[in-house]
Protein chains: 2
Amino acid sequence: MEEIIKKNTRKISIENQILVIFGSNGDLAKRKLLPAIFQLFLDDLLPENFILIGAGSQEKDEKSNRIDVQKSLLEFSKISSTSFPERLQDFLNHLYYKQVNNKTEEDFADLRIYIEDLSSKLNVPKNIIYYFSIPPFLYEVVASHLVKFGLNTEEDGWKRIIVEKPFGYSYGSATELDKKLRSGFNEDQIYRIDHYLGKETVQNIIVTRFSNGFFEPIWNRKYVDRIEITAAEKIGVGNRGGYYDTSGAMRDMIQNHLMQVVAVIAMEPPSIFDSESIRNETVKVLQALRPIQPNEISDYVVRGQYIATEVDGKLQDGYRQEKNVSANSKTETFVAMKLFIDNWRWGDVPFYIRTGKQLPERVTEVIVHLKPAPHQLFKQRCVAQSTNMIILRIHPDAGVAVDFGMKIPGAGYKVQNVNMAFHYSDLAENKISEAYERLLVDCMIGDSTLYARADAVKASWKFVDPILQAWKTNPNIPLYFYECNTWGPNESNALFGDKQLKWRNPFKKFKTD
Amino acid sequence: MEEIIKKNTRKISIENQILVIFGSNGDLAKRKLLPAIFQLFLDDLLPENFILIGAGSQEKDEKSNRIDVQKSLLEFSKISSTSFPERLQDFLNHLYYKQVNNKTEEDFADLRIYIEDLSSKLNVPKNIIYYFSIPPFLYEVVASHLVKFGLNTEEDGWKRIIVEKPFGYSYGSATELDKKLRSGFNEDQIYRIDHYLGKETVQNIIVTRFSNGFFEPIWNRKYVDRIEITAAEKIGVGNRGGYYDTSGAMRDMIQNHLMQVVAVIAMEPPSIFDSESIRNETVKVLQALRPIQPNEISDYVVRGQYIATEVDGKLQDGYRQEKNVSANSKTETFVAMKLFIDNWRWGDVPFYIRTGKQLPERVTEVIVHLKPAPHQLFKQRCVAQSTNMIILRIHPDAGVAVDFGMKIPGAGYKVQNVNMAFHYSDLAENKISEAYERLLVDCMIGDSTLYARADAVKASWKFVDPILQAWKTNPNIPLYFYECNTWGPNESNALFGDKQLKWRNPFKKFKTD
């Protein structure tokens, strides 16, 4: 146990630094960021001299901020904080607070002074991460204010900004946002967080593919028939209706998360294992996406919206009944699409991706369907249709499984598909870190591998933008309604054409939570 | 449950027939054959009109024979026969007995009359299997007596003979035996039983390889580094010392069993799945074995013999102390060897095979070691040496496992080998049949796939004969002694040359019995 923890602990030291969270009183900070930082602290993954500055519009002093944070940690931290009373106190001692109205320029002059004072008083160099835990429309504003008061200058220590998705709303706005951010920060200072990429299994896909002799030989058009990627959510939009209704599944899930998963699945092996090399390869995939022509959109993309449904005797609201959602909203809560990657490796291999809300299970998995053996020796003897699959389960119960044909015991040579699975949790005697923890440490040490790079973000927007445009402007493209607790509209199966195929339900060998 | 049993039951009907067991009072018949036939009876796999004639040198009548068989079934059958009293009685009603001295010609004239009487009285056609459960030196004698009295003629029904290994003692004697048998029987009437080939997992290797899209692409010299096959026995020679001392591990295990496993692992895909096509492919492998030159034998083959050892505080006899073993015997109880198959698929891929008695575990498994990925992307980050293996476990706890590198959870990209396994027993809700049951049914329906064909037997002898000759004639070839409960002489690792490799111990994910 001890040994494994040691193995998992980075040997590299993390420089003393300052983390400023804009929007520190917001939901994301309370639910995700602060618990993640506290966990890093408990795991001894924070530097010794570490300052955490909450920057929020609320007026409060350091002491009441610490009480607030303590309260939210007790509520949202997975660790029972009460069992670490001393450590919790230690942690809170690193916390500071500065009232900042993001739109008020002068507040940033004050912030600068506040940071300088703390820095010299506590002897922490001005290595600063600015975490933008704020609505996207404020990214440009805060960035320009930081620049205005020289808070971006690296003369006295490195500066990095972390921005949350969405990175833009369209290809145009993403390009514009990037331009604005880049006027004060270099690309290597900008960390675009995509918590999907922080997931262990997404990272593991890279290792699984490239550290083993037997995946790469079949990982191409010669052996792969098609690839399916499903990211299903069991819940609806909940109280995020206001945001979601202006976004929809394409912007919320496909443009960022699923495109990144596609990229990691499809990428060429990098020659060096570092951030730039990996991102050079993933962006190549996104740039090779075959554009979907406006007149093809109905053949390649199916959108859906959940409707009111009785589930287990209880009426579940439809999307249009959700809070802050327009009563005749055409926002999609489900997208299934077919795409092609025009390169040597994947030429003409279809990738089918889908995501949706109010589906029967919360599950994210990749299924690599292999072509059947070239000669069906046991054709007459197969009980089940013999297809081979490699399943990469991202969530929940992350793992890898292989589905293949074996002989049914007994006389004769009847073949039945069986499977074997590796559950990632078997490897970890200690817990698997949350995406945010992983990503925060990466930013602290300047490793941007798992962050989205501007060119990738743009390539992905370039691909989805025409679809969004067509949906908006072409009234003939249908929006299909689907009942809650189903796998979306039946029309999504039409993407497979006349192949008599269907979306595959999640792999049963993995338990779902 | 019912459905699976139905699936496993042959739909084909088995013709009414007669089974004559020569040596019916012997050990093999009592311990293996009769329990297997009884099991087939319980599984409704025997034809309705079925006659089982015991033919032995002992003088006894039908009734006392039935009592004898009942006794040995109660002792050796895995099913508690007492729980099937009626079925047991039913079964015994099919049993008959004829005293036959194998060396006495006239006894076969009587046997013929006895069979004819039973055949017409019980209305069973003269489809006859003659099972030679007798010492090999008697094969020719019994065969010639059968021929002499026309018991081989197929005018009034098919005739088949089943012979047990060893099929000869050398290339010369095997050829001679074959010639003798063939003077009265055609090749398609001769069933050379090799219970190894009746094992489900050996058969499953064929299905695993050829019904799946992802084994074949890597099953060749491009991706396979080496293949290891281990067939280890935990026990010594016991009371078989007399036989064993004239045989040794090379004749007892390598020439037949392990060569057949090599053939099934290495064979090309047949174009039709039938007995002849499969055996055409396996014999090609054996014929492609690169002959080991007399001066190379010490580099390619290591022989050993177990010596007296204290195991768990108890002194275990050495081989030379075993009953009926010569006190200065040079018979090998352990063989490890390296061999090459000179064809396009396997050119220069070494196969390492070993077998031995008094080893730490009873286990038979095949390990396909894949070459490392061509580019070691995670070289500096590997905790364990990253090699991929596909493990085909034949016995015990038959199954398939894959060993591969995965990322250790946590920050960074450290790689550790993990594995996933499929246990064959998971597929069978009903029991996996014993090799003898399977093989008997095959012979009854005339399916010789899992029986050794003459050309394969000869090819295998041709390969091992020069080694046996050299051992016999060249006093400079060492016989290494090894302690009981070890994996044989350390010198067996020298077969790997300067590759710094060693024999791999059996895969731990499979439990051993």
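## Surroundings of Ser77(B)

Leaving aside residues up to four places away in sequence, Ser77(B) touches Pro35(B), Phe38(B) and Ser72(B), where contact means heavy atoms within 4.5 Å. Ser77(B) is placed in the loop between α3 and α4 (85-92) of chain B; helices (H or I, at least four residues) and strands (E, at least two) are DSSP runs, numbered from the N terminus. With a relative accessible area of 9%, Ser77(B) is buried, a word that stands for under 20% relative accessible area, whereas exposed stands for over 50% and partly exposed for what lies in between (1.4 Å probe, protein chains only). Leu74(B), found in helix α3 (residues 62-76) of chain B, counts as partly exposed at 43% relative accessibility. The C-alpha atoms of Leu74(B) and Pro35(B) are separated by 9.0 Å, although the two residues are 39 apart along the chain.

This is a predicted model, in which local features need pLDDT of at least 70 and side-chain atom pairs count only at pLDDT 80 or more, while totals for chains, interfaces and linings use all residues. Residues are numbered from 1 along each chain as its sequence is written, chains are lettered from A and ligands numbered from 1 in the order in which they are written, and side-chain values use heavy atoms, with hydrogens and water left out.

## The nine-stranded sheet of chain A

Chain A holds an open sheet of nine strands with mixed pairing, in the order β16-β15-β14-β13-β7-β12-β11-β8-β17; two strands pair if DSSP finds at least two bridges between them. Its edge strands, each of which pairs on one side only, are β16 (415-423) and β17 of chain A. From one strand to the next the twist averages 20°, with axes taken as lines fitted to C-alpha atoms, for helices over the stretch in contact, and angles running from 0 to 180 degrees between N-to-C directions.

Strands β8(A) and β17(A) run parallel and are joined by five bridges, and Ile307(A) stands opposite Glu483(A) in β17(A). Helix α10 (residues 249-266) of chain A packs on the sheet, where it touches β7 (224-232), β8, β11 (334-339), β12 (351-356), β13 (363-370) and β14 (389-395) of chain A, and its direction makes about 145° with that of β12(A).

## The sheet of chain B

In chain B, an open sheet of nine strands has the order β16-β15-β14-β13-β7-β12-β11-β8-β17, again with mixed pairing. The edge strands of chain B are β16 (415-423) and β17 (479-483), each pairing on one side only, and neighbouring strands are turned by 20° against each other on average, direction ignored. Strand β14 (residues 389-395) and strand β15 (residues 399-407) of chain B pair in the antiparallel sense over five bridges, with Asp403(B) in β15(B) as the bridge partner of Met389(B).

## An enclosed strand

Strand β5 (residues 159-164) of chain A is largely enclosed by the rest of the structure, because six of its six residues are buried. Both faces are covered, with Lys159(A), Ile161(A) and Val163(A) buried on one side and Arg160(A), Ile162(A) and Glu164(A) buried on the other. Strand β4 (residues 128-132) of chain A pairs with β5(A) in the parallel sense over five bridges, and Ile128(A) has Lys159(A) as its bridge partner in β5(A).

## Aromatic rings and charges

Over all chains, a search of the whole structure finds 36 aromatic pairs; rings of Phe, Tyr and Trp (its six-membered ring) pair if their centres lie within 6.5 Å, and planes under 30 degrees apart count as stacked, over 60 as edge-to-face and the rest as tilted. The rings of Tyr306(A) and Tyr482(A) have centres 6.3 Å apart and planes at 70°, so this pair is edge-to-face. The pair links distant parts of the chain, with Tyr306(A) in strand β8 (residues 301-307) and Tyr482(A) in strand β17 (residues 479-483) of chain A, 176 residues apart, and both residues are buried. Tyr191(B) and Tyr451(B) also form an edge-to-face pair, at 4.9 Å centre to centre and 90° between the planes.

The charged end of Arg251(A) sits over the ring of Tyr169(A), 3.6 Å from its centre, a description that requires NZ of Lys or CZ of Arg within 6 Å of the ring centre and within 35 degrees of the ring normal. The charged end of Lys60(A) sits over the ring of Tyr97(A), 5.0 Å from its centre.
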